[in-house]
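Hello,

Here is the structure I promised to pass on.

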Amino acid sequence: MRTACIPLRATLLNTADIELWPGGLLQARSNGHARLLARAQRVLRRKRDGQYLAVALAEGLQPLIPNLSREPGLAIAKRTLAQDAARHRNGLERVATLPLHRMQVRLETLGLDADRYAARSGLALIPEPTQLRFAGFDRWRRALWLDPGAARAWGRMQNAALEDGIVLDAISGYRSHDYQLGIFERKLARGLTVEQILAVNAAPGFSEHHSGLALDIGTPGEPPAEESFETTSAFAWLQANAAAHGFRLSYPRDNPHGIVYEPWHWCLARRDSAG
């Protein structure tokens, strides 16, 4: 469900180190932050750990941390803010991709080599987009970000399913390279090995979620990201109808990538430039 206070065309501006969120979507973590976030046009959020760095107000940038000027990537984030203002004045929307920033460093922390992993998995490195579209909220009321075409296609598919009495909800959409690395780090801390994790999650830089074109789909009453989703009427509906909306099942049984069967993971097979 979307809320009236969030613009339907709200965008997430993406840089290598910092995300620039539209105002109204991030929860305050202190009373002081609450007052500033209520007025924010944009919130600068560090990708590595989710730290709020600053808010962009009508009168300028207001720091939320000490020594903001020393923050890596701040100059690029400020330039992105200025460019976004120009885009709005000119009515332009253009999605490019970011450089594959620090990719080998991330993989080396897991003992992986990009070329060897790509050869063995058949997966390609996927850059992050420079902007993503707000596509409503996921099951836990977190903002769902997708490629603009995928956001439109997802909305149409949700509505079509609802007309047939099927409720589809999003489990997750866009993930940054840093977020994907965090998944590995959390699972390693629980005692799993890298090889065990790779059977379920693509290595950082290789997940379709980085593109903003993929999302994990669920239905109310069904646990998220479980194989049992294939027994639901929602999955049966997706099998029959998802292709008409441009989505394909990425990891069927016995897929060549070495990833477990994921009936919940669907990806837009083509970019939708309409609407």
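**Strands and pairing**

Start at the hairpin of β3 and β4: five residues lie between the two strands, and Gly50 there has a positive phi near 80°. Keep in mind that this is a predicted model.

Arg42 has Ala56 of β4 as its bridge partner.

β3 also pairs with β2. Strand β2 (residues 18–22) is joined to β3 by five bridges, again antiparallel. How much of β3 is buried? Four of the five residues in this strand (42–46) are, so "buried" here means under 20% relative accessible area.

Now the other region to look at. Four strands form an open sheet in the order β8-β9-β11-β10, and their pairing is antiparallel. Its edges are β8 (169–172) and β10 (247–249), each of which pairs on one side only. From one strand to the next, the twist averages 45°.

A helix packs on this sheet: α5, residues 148–163. Helix α5 touches β8, β9 (214–218), β10 and β11. Its direction makes about 85° with that of β10.

Three bridges link β10 to β11 (residues 265–268), and the two run antiparallel. Arg248 sits opposite Cys267 in β11.

Best wishes

Note on methods
Residues are numbered from 1 along each chain as its sequence is written. This is a predicted model: local features need pLDDT of at least 70, side-chain atom pairs count only at pLDDT 80 or more; totals for chains, interfaces and linings use all residues. Side-chain values use heavy atoms; hydrogens and water are left out. Two strands pair if DSSP finds at least two bridges between them. Axes are lines fitted to C-alpha atoms, for helices over the stretch in contact, and angles run from 0 to 180 degrees between N-to-C directions. Contact means heavy atoms within 4.5 Å. Buried means under 20% relative accessible area, exposed over 50%, partly exposed in between (1.4 Å probe, protein chains only).
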